[in-house]
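Hi,

Here is the structure I said I would pass on. Have a look at it, and then read my notes below.

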Amino acid sequence: MPRRLSRNSSLLTNTSRRRFLQGSAAALAGVGLSNCRRTIGETETVAPADDTTAAAPASGTLQIYTWADYTDDELAAQFTEATGIDVKIDVYDSNETMLAKMQAGGGENYSLIYPSDYMVTEMIGLDMLTELDQSRLVGLDKIRDKWQSPVYDPDNTHSVPYSWGTTGLLYNSEVLTTPPTDWNYLWDNSDVLSRKMTLLDDVRETMGAVLSSLGYSYNATDPAELEEAYQRLLELKPSLASFKSFGWQDELLSGDLLLSMVYSVEGIPVSLENPTFKYVIPESGSSVWTDTMVIPTSAPNVDAAYEWINFNLQPKVSQETVERLFFATPNGEAMTLLSKELLDNQNLFPPEDLLAKCEGIAPVGEANVLYDEYWTKVKSA
Amino acid sequence: MDKGIRPIAALTKAPTLTTVGRMLKSGIRPLGLLGPAGIWLLLLVVLPTLLITELSLVPGLRPGQPIESYGFLNYLRILEPTYLQVLQRSATFATGTTLLCLGFGFPVAYWLALMAPKRWRNLLLVLFILPLWTSSLLRTYAWITLLRSSGVINLVLTTLGLPPQGLMNTPWAVYVGMTYSFLPYMVLILYASLERLDLQLLEAAADLGANPRLAFWRVTVPQTLPGIAAGCLLVFVTSLGDFVVPTLLGGPNSMTISQLIYNQFLGVARNWGFGSSLSMVLILMVSMAIALLLKYGDRNPDIYS
C-alpha cells in the first residue's frame with residue numbers, strides 16, 4: 001500500500017518543498033524497481049553483531065533509511081557532533097517500497113530503518129529484524145505506557161516507537177461553514193463537495209475509512225463487508241476530484257478543492273501555517289499509526305544504530321525534532337518539554353477517548369487480494 | 001635435421017598465422033564494437049526480461065514465497081473485464097497522445113525545417129527541447145497550476161468572457177499533460193526527417209502541375225513517412241508506460257497499466273506474479289508497435305540516398 005506517499009505539504013517552506021519532491025521522486029523511482037535476486041525476496045540472515053563490542057565507542061558511518069520528514073540535516077548534525085558518527089540518510093515513500101528494497105538485497109548498507117506498525121509485524125515474521133538488546137537501550141522507560149507493549153510488537157522486542165499520527169480530513173473552513181465531524185459528512189454533503197474533494201490514493205486507508213463509516217473495522221476481512229464498502233465508495237466516486245496521496249496541496253490551498261483526506265503529518269503543518277484550513281479526526285474514529293526505529297538483521301555497524309536510537313530517545317532531542325517537523329512523539333518526557341501550543345493541539349495529540357476509537361492498520365492476510373481487486377475496480381470503473 | 005625442417009615449418013606456419021590473425025581481427029573488431037552495448041543489453045534488458053517472464057508464470061507469487069508451480073493463471077486473470085478496461089484506457093491515452101503530438105508536432109517541425117531562418121534553426125530547436133531539461137514531475141506539477149479551476153487557463157478564459165473549463169482531474173488533463181511531455185520527441189524526429197526532404201522533387205511536382213496541397217500529400221508526406229512512423233512509435237511507447245501524468249492529473253477514473261503494475265509490486269496485494277504478467281503484456285504491446293514500425297515504417301529506405 002503506498003501509504004503516505006510523501007508526507008509533506010509542498011507549499012509551506014522551501015525546505016519542506018524540497019523534501020516533498022524527494023519523496024515524490026522516490027515514489028516514482030519505485031516504479032522502476034526491477035532489481036530482484038533469483039531467490040525472490042529471500043532475506044539473508046546475518047548473525048547479530050557481537051555484543052562484546054558494546055563497550056567500545058561506535059564510529060564510522062551510519063546509514064539510515066527513513067521517511068522523508070522524520071530527519072533533517074540539523075538532527076544529523078547534532079548526532080554527529082555528539083557521537084562522531086557520520087550519518088547518511090536515504091528516504092522512502094512507502095513501507096512497501098522499503099520492504100521490496102530490503103527483500104531484494106538493496107538495503108544491506110542500512111543499519112537503521114523506520115517501518116510502520118503493521119510492517120514491523122510483517123518484517124518480524126520474515127526474520128528481517130534484529131531482536132533488540134534491551135540492556136543497550138537508554139530511555140525506553142520514558143515512552144508512554146500506551147507504547148510500552150504495542151500490539152504490533154509486544155514488549156518492543158524488535159522496535160522502538162518513534163512517532164505516531166492519525167488520518168483525517170483537512171478542509172477549507174471559510175467555505176465549509178458546517179465543518180465536517182465524521183466520515184458520513186462526505187456522503188451527506190456530496191453536492192457541495194462535488195469534484196472538490198480528494199481521498200487518499202491508499203487502499204487500506206480509504207477502504208478503511210469507508211468500512212469505518214459503515215461501523216466495520218479498518219481491518220475487515222469479511223468479503224460481504226468489503227463488498228458493502230466498495231459499493232459505498234462507488235456511490236461517493238462521482239463527487240470525487242481524485243484519489244491523491246500527494247499533489248493535493250496546490251488545489252486545496254487555492255480553494256479549488258474544499259476537502260482532502262490526509263495523513264496528520266501532512267495536514268497539521270498546513271493547518272498551523274494557514275488557519276483557513278483545519279484538520280479534523282472523524283469522531284467515529286480513523287486510523288492511528290506508529291512508526292518505529294528498527295535494526296535490520298543485515299545491518300552493518302549495529303553499534304552506531306544503537307547510538308542513534310538512544311540519541312533519539314533523549315527527551316530534549318525528541319522535543320526539538322517534533323517542534324521542527326511536527327509529528328506526535330510517544331516519548332512522555334519529551335511531551336512535558338513541548339510548547340503549550342503544540343501540546344494543546346488536539347489534532348497532534350488527540351484526546352484519549354477519541355484515540356480509543358481509532359484503529360491501527362494491521363495485516364489482513366489473504367484479504368489483501370480482495371482489497372486490491374476492489375481498488376482497481378474503484379479506480380477504473 | 002632441424003635445419004632442414006625449419007624453413008618448411010616457417011613456410012607453412014606463416015600463412016596460417018596471418019589467416020588466424022585476420023580471423024581474430026575480423027572477430028575482435030565487431031566484438032569490441034558490440035561488446036559493451038551487448039553486455040549492457042544482456043545484463044539489463046535480456047536477463048531481467050527473462051526473470052519477469054519466469055515470475056509471470058507463477059500464479060499469485062508474493063515476495064518471500066518459494067516458487068512452487070508454474071501456470072498461465074496470471075495471464076488469464078488479465079482477461080477479466082476490470083483489467084482489460086485498464087489496458088484499454090492505457091492504449092487509448094497512448095493513441096490519443098500520439099495523434100495529438102503528430103497533429104501539433106508536424107507543423108512545428110515543418111516550419112523549423114523548411115521555413116525558419118537558417119541561422120535561428122538550432123537555437124529554436126534548443127528552445128523546443130529546453131523543457132526536457134527539467135524534471136517531468138515538476139512539469140506535471142506546473143500543469144496542476146495551469147489546469148485547476150482557478151488556474152491560469154481558466155483565468156484567461158474568464159477574462160476573455162469565455163466559460164471556465166473543469167479540465168483538472170479529467171482524462172482531458174491527461175491528454176494535455178502527456179502531449180506536452182512527449183511533443184518535443186515528435187518534433188525532433190520529424191525535424192530530422194523533414195530536413196532531408198528533397199526540395200527538387202517538390203519543384204518537379206510543381207512543374208508537372210501539382211498544386212501545393214497535392215504536392216504536400218503526394219511528395220512531402222510520403223518522403224517523411226519513416227520519420228512520422230518513428231515519431232509516432234516513440235511517443236506511443238513512452239506514453240503507454242507513463243505514470244506521472246495520469247497519477248497527478250487524471251482524476252478518480254484514471255488507472256493505467258503502469259499504476260496497476262505499481263500496485264501489484266508495491267501496493268497492498270504485493271502479487272509479483274500478476275505484476276510480472278502485466279509487465280509482460282506491456283512489453284508485448286510495445287514490441288508489437290516496434291514490429292509494425294519495422295514492417296511498415298521504412299518501406300522505402302532508399303529515398304535518403
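Asp127(A) sits in the loop of chain A between helix H4 (117–125) and strand S4 (159–172), where helices (H or I, at least four residues) and strands (E, at least two) are DSSP runs numbered from the N terminus. Its phi is near 60 degrees, a positive value in a residue other than glycine. Phe326(A), in the loop between helix H11 (315–325) and helix H12 (332–337) of chain A, also has a positive phi, near 55 degrees.

A word on conventions: this is a predicted model, in which local features need pLDDT of at least 70 and side-chain atom pairs count only at pLDDT 80 or more, while totals for chains, interfaces and linings use all residues. Residues are numbered from 1 along each chain as its sequence is written, chains are lettered from A in the order in which they are written, and side-chain values use heavy atoms, without hydrogens and water.

Now the interface. Contact (heavy atoms within 4.5 Å) takes in 49 residues from chain A and 47 residues from chain B. There are three salt bridges between the chains, counting a side-chain nitrogen of Lys or Arg within 4 Å of a carboxyl oxygen of Asp or Glu. One of them joins Asp256(A) to Arg148(B), with the closest N and O atoms 3.1 Å apart. On the side of chain A that touches chain B, H15(A) gives the largest share, eleven residues.

Finally, the cysteines: there are zero disulfides over all chains, a disulfide being a pair of cysteine sulfur atoms within 2.5 Å. The sulfur of Cys232(B) has its closest cysteine sulfur in Cys101(B), 8.7 Å away, too far for a bond.

Best wishes
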